[in-house]
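These are my notebook entries on a structure that I looked through with its sequence beside me.

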Amino acid sequence: MKYSLGPVLWYWPTEKLNTFYQQAASSDAEIIYLGETVCSKRRATSFSQWMEMARPLAAAGKQVVLSTLALLQSPSELKELRRYVDNGEFMVEASDMGTVNLAATHRLPFVAGPALNIYNAASLKILLKQGMVRWCMPVELSRDWLTALLEACEHDGFRDQFEVEVFGYGHLPLALSARCFTARSENRDKDHCETCCLRYPQGREVLSREGQPVFVLNGIQTLSSYCYHLGNEQHAMQSLVDVLRISPQDAETPALISEFRRNQQAEMPFTLDKRTHCNGYWHNIEGMALETTVGAQSA
């Protein structure tokens with residue numbers, strides 16, 4: 001199994017991103033995604049700067065993929081998207097069907113990101129014809145769902161024509177909105193947000209009325225409060241998953257990939273950090289739950 005470092009979902013300054021990807025270049029990740037995926041108002045890092053960060057990663061032997069916005073709302077965002085698709089060097093991750101259409105028009109191979117909400121073999125077959133080479137499963141799907149879907153792909157004779165990627169670590173990206181929740185939390189409207197999410201490099205936690213952590217606000221994106229952790233489920237991914245995605249949380253994330261690789265057989269449980277973890281979706285139960293199956297194959 002290969003490991004990927006997903007795009008940074010948070011709004012980090014360019015200097016911090018540069019340092020992060022310099023560390024990522026020497027990490028155990030075979031695949032590295034980079035680019036702005038959440039909000040077009042996050043303009044601190046330009047397209048040319050993303051490209052400058054991408055080239056040393058490619059030179060270090062990483063497969064570089066440029067990730068794109070998951071919620072396109074204006075002509076200016078579409079214009080910027082064309083720059084990503086026309087980059088001439090790297091594959092793109094499509095998080096919106098508009099990106100799929102552009103990539104198909106340019107005959108550019110692409111990764112189907114988890115935000116595309118692809119749930120069945122028929123949809124995968126359509127994307128495959130348009131140039132998809134890898135599919136990252138939506139975060140809310142389970143191992144059982146994945147098994148059944150891939151069996152349907154095998155039955156139709158195209159299972160071996162694309163890679164399967166699973167989101168394996170990080171706060172789960174659950175939803176996007178035209179409204180900016182981080183700005184609202186500061187009594188600002190989106191048009192006058194002053195990119196306040198820059199002040200929250202790991203988002204803003206939302207508690208329930210009972211005081212339980214539920215969500216993390218990240219601009220227009222809502223993530224899970226608990227950190228998804230499938231490091232102890234890798235034994236159940238054999239023959240199903242080609243790539244396990246690690247979502248950047250902080251500067252220490254690239255180093256965590258070696259921990260995942262060392263524990264690929266999941267003989268002993270490992271926790272990685274002090275975050276509260278969950279893995280419910282993988283087990284087809286409530287998402288915030290944590291089920292331990294170390295040392296035994298899932299049913």
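**Entry 1: Strand pairing.** I first wrote down that two strands pair if DSSP finds at least two bridges between them. Helices (H or I, at least four residues) and strands (E, at least two) are DSSP runs, numbered from the N terminus. I also noted that this is a predicted model, in which local features need pLDDT of at least 70 and side-chain atom pairs count only at pLDDT 80 or more, while totals for chains, interfaces and linings use all residues. Residues are numbered from 1 along each chain as its sequence is written, and side-chain values use heavy atoms, with hydrogens and water left out.

I then looked up the partners of β7. Strand β11 (residues 243-246) and β7 pair in the parallel sense over four bridges; here Val166 has Leu244 in β11 as its bridge partner. Strand β6 (residues 132-136) also runs parallel to β7, and three bridges join them. Arg134 is partnered there by Glu163 of β7. With strand β10 (residues 221-229) the sense is antiparallel, over six bridges, and Leu176 has Gln221 in β10 as its bridge partner.

**Entry 2: Helix α1.** I asked which residues of helix α1 (residues 14-24) are buried. Buried means under 20% relative accessible area, exposed over 50%, and partly exposed in between, with a 1.4 Å probe and protein chains only. The buried residues of α1 are Thr14, Leu17, Phe20, Tyr21 and Ala24. They lie on the same side of α1, because they cover an arc of only 120° around the axis. The arc is that of the directions from the helix axis to the C-beta atoms. I recalled that an α-helix has 3.6 residues a turn, so residues three or four places apart point the same way. On the other side of α1, I found Glu15 and Gln22 exposed.

Entry 3: Most residues other than glycine have a negative phi. Asn117 sits in the loop between β5 (110-112) and α5 (121-130), and its relative accessible area of 43% makes it partly exposed. Asn284 is not a glycine either, yet has a positive phi of about 65°. Asn284 is in the segment after β12 (277-278) and counts as exposed, at 56% relative accessibility.

**Entry 4: Cysteines.** How many disulfides does the structure hold? I found zero, where a disulfide is a pair of cysteine sulfur atoms within 2.5 Å. For Cys39, the nearest cysteine sulfur is that of Cys193, 6.4 Å away. Cys39 is buried, at 12% relative accessibility.

**Entry 5: Cavities.** On a 1 Å grid over the protein atoms alone, a cavity is a set of points where a 1.4 Å probe fits but cannot get out, and a pocket is an open set with protein on both sides within 12 Å along at least five of seven lines; lining residues have an atom within 4 Å of a point. Grid points are joined across faces, edges and corners, and a volume is the space filled by probe spheres set on the points.

I found two cavities of 30 Å³ or more. The largest has a volume of about 80 Å³, and its lining includes Cys39, Cys180 and Cys193. The second largest cavity has a volume of about 70 Å³; among its lining residues are Leu17, Trp10, Trp12 and Trp50.

Entry 6: The largest pocket has a volume of about 420 Å³. Of the 22 residues that line it, Ala70, Pro114, Ala115, Pro173 and Gln221 are the closest to its centre. Strand β7 (residues 163-176) gives the largest share of this lining, five residues.

The second largest pocket has a volume of about 310 Å³. Its lining has 16 residues, and Ser40, Arg43, Leu69, Glu80 and Tyr84 lie nearest its centre. Both α2 (47-59) and α3 (75-85) supply at least two residues each, and the largest share, five residues, comes from α3.
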